[in-house]
Amino acid sequence: MNYLYFLYVQILTNYHIPKILADITFPIIPFCIIAAAVILTVLILVLAERKILALFTQRKGPNRVGYCGILQTVADAIKLLFKQNIDIDNSDKFLFNVAPIIVFVPAMLLWGFIPYSSEFTFMNFSVSSLLYITIAVLPVIGIILAGYASNNNFSLIGAIRSAAQIISYELPIMFVLLSVVLLSSSINIKDIVFSQLGSLSVLNWHIFPCIIGFLVMFICVIAELNRCPFDLPEAESELVAGYNVEYSGMRFALFFLAEYALMFIMCAFLVTLFFGGFLPVTSKYISEMIFSNSQYLSVCIYFEQVMWLVIKTIILVYIVMLIRATLPRLGSESLMKFSWYVLLPVSMINFIVIAIIKFFIEGGAV
């Protein structure tokens, strides 16, 4: 972020604005960017999923509000904003109100860990990948509190299901993450991206030596997102929407925002680990070919890196939506067995294989 900071200071200086104002306002800018990106992304994803599901089930989908229904999610957001927040009798009022915040805040915080380009990294720590995984689990606390505080047996069952599901599918994720860390020799997310940079371009991506690990982690991510076929905590046909059934208005909207914000950012995390993150598919940046003699070449490259990350993420998000359109929901026992009997052993074997590959690549020194 140093380049962006000095560029920001230079712009303010050109308008005779004191440097101290830049020091005060610059840390606020990433938060504003993330907040705007989360809201805009959720609105687009909700509309896109409705259109895709409508296509697969031979329905029209949203087509009334705005051109081809593109303003339908905006209308839904306005409706939720003005809808009454209903308080439940005999519920724990404090926990009932705090639960949506506990779910939404970690989902928004995760957006700061992803390196969108070599300069657009809002939170860069030496152990950022471990921090990311840790924070990604925190929303389950809000889900448990929501089910407990609602004074509703169906909500409580949904919350317990979610907790069991998160615990079951977190272990395979950790083993796959260790495999990627071993390949890149770093726990830092940005270093993991740069470790996939090489003369072979796409062939340097971690997806090729660790394709089994990617498949395991992709399945586990879908389970942690409570997406079909792992949407037992929100099983409408059994629990009447599960843990959030007693919520309305903006409190329900926070759960909704968190779900889609997590879906996008978890797919971005997978892209970062396995598909080169912001690295281009081609051997050379398109900006270098077009703006080779421009003084703004570096800025163009940064925005192109963001573009590559977003394109790769959208492809993964599309696959997640297709899975919801095609696969039925798993049973509770089948879901647990699949994690403990299949995914966990496979993730451990994958880690051992990656360790052996790393051992021979580095000539016997891991």
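Okay, thanks everyone. One thing to keep in mind as we go: this is a predicted model. Let's begin in the middle.

There's a nonpolar core in here, the largest one, with 89 residues. Which of those residues touch the most other members? They are Tyr 132, Met 217, Ile 265, Phe 269 and Phe 274. And if you ask which element supplies the largest share of this core, that's α12, with 18 residues. As background, nonpolar side chains in soluble globular proteins tend to be buried together.

So let's stay with α12 for a bit. Find Phe 269 on your screen. Leaving out residues up to four places away in sequence, Phe 269 touches Ile 114, Tyr 132, Ile 133, Leu 177, Ile 189 and Met 217.

How does α12 sit against α8? Helix α8 covers residues 153-184 and helix α12 covers residues 249-274, and their axes come within 10 Å, crossing at roughly 35°. On the α8 side, the contact uses Val 176, Leu 177 and Val 180; on the α12 side, Phe 269, Leu 273 and Phe 274. Sort those by class and you get 6 nonpolar residues, with no polar and no charged ones.

Another residue to look at in α12 is Cys 267. Is Cys 267 buried or exposed? Its relative accessibility is 1%, so Cys 267 counts as buried. Skipping residues up to four places away in sequence, what Cys 267 touches is Thr 313, Leu 316, Val 317 and Val 320. For a sense of scale, take Ser 334: it is 67 residues from Cys 267 in sequence, and their C-alpha atoms are 25 Å apart in space.

Now over to α7, residues 139-149. This helix is mostly covered, with 8 of its 11 residues buried. The buried ones are Pro 139, Val 140, Gly 142, Ile 143, Leu 145, Ala 146, Gly 147 and Ala 149. And what covers them? The covering elements include α5, α6, α8 and our friend α12.

While we're on α6, have a look at Ser 128, which is found in that helix. Ser 128 has 1% relative accessibility, which is why it counts as buried. Setting aside neighbours within four places in sequence, Ser 128 is in contact with Phe 113, Ile 187, Asn 188 and Ile 189.

How many cavities of 30 Å³ or more does the structure hold? The count is 1, and the volume of the largest cavity is about 230 Å³. Its lining has 18 residues, and Pro 139, Ile 143, Glu 224, Asn 226 and Leu 262 lie nearest the centre. Two or more lining residues come from each of α6, α7, α8 and α12, and the largest share, 5 residues, is from α12. By class, the lining has 13 nonpolar, 2 polar and 3 charged residues.

Last topic: the backbone. Most residues other than glycine have a negative phi, and most peptide bonds are trans. Here are some places to check against that.

Asn 151 is not a glycine, yet it has a positive phi of about 55°. You'll find Asn 151 in the loop between α7 and α8. With 47% relative accessibility, it counts as partly exposed.

Cys 68 has a positive phi too, near 55°. Cys 68 belongs to the loop between α3 and α4, and because its relative accessibility is 40%, it counts as partly exposed.

And where's the cis peptide bond? It runs from Cys 228 to Pro 229, with omega near 10°. Pro 229 is in the loop between α10 and α11.

How values were computed: Residues numbered from 1 in each chain as written. Predicted model: local features only at pLDDT ≥ 70, side-chain atom pairs only at ≥ 80, totals over all residues. Heavy atoms only, no water. Axes fitted to C-alpha atoms, helices over the stretch in contact; angles between N-to-C directions. Helix = DSSP H or I, 4+ residues; strand = E, 2+ residues; numbered from the N terminus. Contact = heavy atoms within 4.5 Å. Nonpolar A, V, L, I, M, F, W, Y, C, P; charged D, E, K, R; others polar. Core = buried A, V, L, I, M, F, W, Y, C linked by side-chain atoms within 4.5 Å. Buried < 20%, exposed > 50% of the residue type's maximum accessible area, 1.4 Å probe, protein only. 1 Å grid on protein atoms, 1.4 Å probe; cavity = no way out; pocket = protein on both sides within 12 Å on 5 of 7 lines; lining within 4 Å. Points joined across faces, edges and corners; volume = space filled by probe spheres on them.
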